[in-house]
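Please keep the sequence and the structure in view while reading.

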Amino acid sequence: MDKYYIKYVLGNRLRFIFYFFLIVFFLIILRFFYIQILQNNYYSIQAIDNSIRILPIAPARGLIFDRNNIIIADNKLNYSLEIVPEKIENLSMIVGELNKIVSIEEKDIKKYKRILKNKQFSNSIPIKSNLTIKEAAQFASNSYQFPSIELKETIKRFYPQGSVGVHFIGYINRISKQDLIALERKDLQKNYIGTDHIGKSGVELQYENELHGISGFEQIEVNSIGKPIRVLKTSPAKEGVNIHLTIDLKMQKIAENAFKNKKGALIAINPSNGEILAYVSMPTFNPGFFVDGISHKNWNKLNQSNDKPLLDRAINGLYPPGSTLKPFVAVAALENQLRAPPFKINDPGYFSINNSRRFRDWKIGGHGEVDIIKAIAVSCDTFFYGLAIELGIPRLNKSLANFGFGKKTGIDLPNEKKGLLADAKWKKKKYNEKWYLGETAITGIGQGFTQVTPMQLALATSKIAFPNKSIVPHIKLNSQSLRQNINLTAPLTISEQTIKWVKKGMENVTADGGTAAFIGQNIQYKIAAKTGTSQVFSLKEGEVYDEEKVPDHLKDHALFIAYAPAENPKIAVAIVVENGGHGGSTAGPIAKKIFNYYLTSESH
Amino acid sequence: MNFTFLHNYIFRKIDRPLFGSILLILIIGLFNLISANQQDIPDTLSQIFNIIIGVSFFYLICIINSRIILSFAPWTYLISIALLILVNSFGIESHGAQRWISLGIFNIQPSETLKISLPLMLAWFYQKNDYKIYYKIHFLAGLLIFLPFYLVLIQPDLGTSILILWVGIIIIFLAGLPIKFLTISFFGFLVFSPFIWNSLLSYQKQRILSLIDPFSDPYGSGYHSIQSMIALGSGGGFGRGWLNGTQTNLDFLPETSTDFAFSVFSEEFGFLGVLAVIALYTFIFYRCIWMTSKMQDNFSRLLSAGLTVSLFSGFIINLGMISGIFPIVGVPLPFFSYGGTSMVVSLISIGIIMNLYLNKSLIAN
């Protein structure tokens, strides 16, 4: 091997190295071509994903006030610690560390896991809400230890009145899967990306669109550690509209307190324009339970209670109207030229069809000579049995429908029930049975199949007070726009004479000899009213109702409708006290408290 | 030959297209550094200083006698080995590896100096044993490679150690190592690779694994690879323009001034810019090989080829690394990345090649 050999080998091998490197250079160029030209779109999107974040700005929810500017639903600044679930690996470890600074309880973790299971957007989830200022400060000074936990300053719904009026206010809760589907159907889901809560019932649900506002967003550029570098674009949120209600919160509280521990419902309404002044459904619950996501325990307690606190009795409670239906039945008869004074019956204490089946009056021995005015005042069953049979169901129902029975009143609250005006056709369909004449008779005193909501009773009572006005009950103040969307019940075309007789009858209810005579004592104004008692279970023929022997939940419901002052009505009420016994004695005093407040206090 | 004569001779004879291309890359690299450092002035000034030192060395090397290079060769190797041992014991630690040694005003990186001293040593070694090339000589050359390879590997600096090994093997290959021996060694390597794998540190294993699928661990070892590819890919054909690279400005790219300097360039100047720069490098590579082929003696040819391979292997590894072909091993791009030692070593390498070319008949005679 001499050096010429080496030179020869080296020369050849150098050429080999040269071409080898050139090929590698070419491959590198191909690689750059692939990434920069062919994959350009893919990597451009990756670069944007890397650096651009769109942060929603949730609008502040509109507040809810009563008619006198008393706040009912407020927003409160709330500090919470929130976790983005995707960012953490070991929850219990982080919680353990966090616990040294802010106490995290078992229920907080449970709540976190529950929200995590149901969450709809990839928002962060609170691990601890309602931090005190001190706790928030403690966390802030140690936040470097917890890169995956964020101290958030959020606005939280707060109901300063507690459980007062919960059924019409409603409540908000975290957005559920069903809510999201509904939002998507209305194409509103984008507006809710930064929002955690949505109205679930009552005004919070009815006026969700106004209350929610329009969410804004911020487009920011972030660096590799997610730190915002600059804001590229901002579109501020438009906060929700404040809503004023027709409710008089003071009256609401008086009404709720008047129920004490009894179940039932009350509607107080301005009969001339349909404004709801008080809206009670008892028992109540605390709407605040729902804001942070209600716990299973609380939910089960509310949902399974025999008292059904979640049921809004004012528009979803269906009751037989009992004798409170009598003024409306009387109108039906008089308008059909039946039973007009001076027509009288001699009441023996019962009514019999074809001398076979007897229908008892509530008063053993009867009321003696009774015309239609006295029949209302003393609530004479015998008078109305015969009247109903002569009038017949079709004519009766037609007249009752004019008062709004059997259909929705149109109140601006969700899920109203429409009650029931039964007839032969309905019974055939429902039970496949024929209609008996006896059923016509008891329909005349508000028993049988007829079902009404307290809201319907309040509306019908208003129509007695102002037969020429067509009103729609409503809870939002100045909700003019609402009226265009609703099929108004036409003003009643009742003769003045008819209304005069019926009003007279109702006024006599609170006068001496009337069924609620004690209500009319010691007041400066006159109340027109009607008491009612509706049976929870039917007595067998010949059986006598004995209040003492019947268990509480089977006791009769007490009903009461009234308006006052009788000459110039300013307020009408409809009250149901469940298992309250006789209408006048339990429901009547509640109405009187409302009237005393509304008609005698300085402010009115 | 007096100094003036030499000076004029150099300026007349110097390969101007080659030197011009290098200057162009240096200037592009400087502008890129301004963007990569987000317009940090001190770093830019310091790089200008590095370039001045490097060009001065280049000039000095060009004018000295080739025989001096030959006689210095074994000493540079010994000094490099000594420095390596020193740095492994007392070096400055950075990124979990001891690579730098402080020389008062500046730090040097002994593993970089090996890119010159190893080819020097091997070329000298083969020149000395010119008439007795056989297995024993190749084996001894292998030992000369293994010592620095091992010292750099335990720093630990996987990238540079592999580069050193690669350059050494190519020099042995050029020196005439029989092909059958190379084949046997290759299969031997395959057999022993599991043992080599086990001796790697976990972060080195992780890096090699992440190469197979960088997206499997996007926030771990694959992160740098992915971010670099995003920078390249989002640059597209024409780039985002100078100073406008978002990946750089938002700190997604790591080591923007050193290992990933060319990622910044690729994002801002696109595929067209990349093509232009690769063309410049290709031209330099071609000139270097061309000059090597003109040389008369084995020392010059082996040394020149070794230095060329060393420079352009760094180029290949760096571009392969930022485009996701190779794992992230921390090899700078010659003439382009920020860093004094790399800059000076690259320019000295070119200087030696130029010197050997200008004196191509000196040693042979």
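## Loops, sheet and chain contact

A:Asn432 lies in the loop between helix 18 (424-431) and helix 19 (437-443) of chain A. Its phi is near 55°, a positive value in a residue other than glycine. With 7 other C-beta atoms within 10 Å, A:Asn432 is exposed; a residue is exposed if 12 or fewer other C-beta atoms, placed from the backbone, lie within 10 Å of its own, buried if 20 or more do, and partly exposed in between. Helices (H or I, at least four residues) and strands (E, at least two) are DSSP runs, numbered from the N terminus.

Residues are numbered from 1 along each chain as its sequence is written, and chains are lettered from A and ligands numbered from 1 in the order in which they are written. The model is predicted: local features need pLDDT of at least 70, side-chain atom pairs count only at pLDDT 80 or more, and totals for chains, interfaces and linings use all residues.

A positive phi, about 50°, also occurs at A:Lys260, which is not a glycine. A:Lys260 is placed in the loop between helix 10 (249-258) and strand 11 of chain A, and counts as exposed with 10 C-beta neighbours inside 10 Å.

| Cis peptide bond | Omega |
|---|---|
| A:Met282 and A:Pro283 | about -5° |
| A:Pro341 and A:Pro342 | about 10° |

A:Pro283 is found in the loop between strand 12 and helix 11 (288-291) of chain A. A:Pro342 belongs to the loop between helix 14 (326-335) and strand 13 (345-347) of chain A.

Chain A has 23 helices and 19 strands. Of its 604 residues, 43% are buried. Strand 17 of chain A pairs with strand 18 (residues 557-564) of chain A in the antiparallel sense over seven bridges, and A:Thr533 stands opposite A:Ala558 in strand 18 of chain A.

The second chain touches the first. This contact takes 42 residues from chain B and 36 residues from chain A; two residues are in contact if their C-beta atoms, placed from the backbone, lie within 7 Å. Helix 12 of chain B supplies eleven residues, the largest share of the side of chain B that touches chain A. That side divides into 23 nonpolar, 16 polar and three charged residues. Ala, Val, Leu, Ile, Met, Phe, Trp, Tyr, Cys and Pro count as nonpolar, Asp, Glu, Lys and Arg as charged, and the others, Gly among them, as polar.

Within chain B, helix 4 (residues 66-90) and helix 6 (residues 135-153) pack at an angle of about 20°, with their axes 10 Å apart. Helix 4 of chain B is therefore roughly parallel to helix 6 of chain B, a term for angles under 35 degrees. Axes are lines fitted to C-alpha atoms, for helices over the stretch in contact, and angles run from 0 to 180 degrees between N-to-C directions. Among the residues making the contact are B:Ser80 and B:Ile81 of helix 4 of chain B and B:Leu147 and B:Pro148 of helix 6 of chain B.

Key: Angles under 35 degrees count as roughly parallel, over 145 as roughly antiparallel, 65 to 115 as roughly perpendicular and the rest as oblique. Two strands pair if DSSP finds at least two bridges between them.
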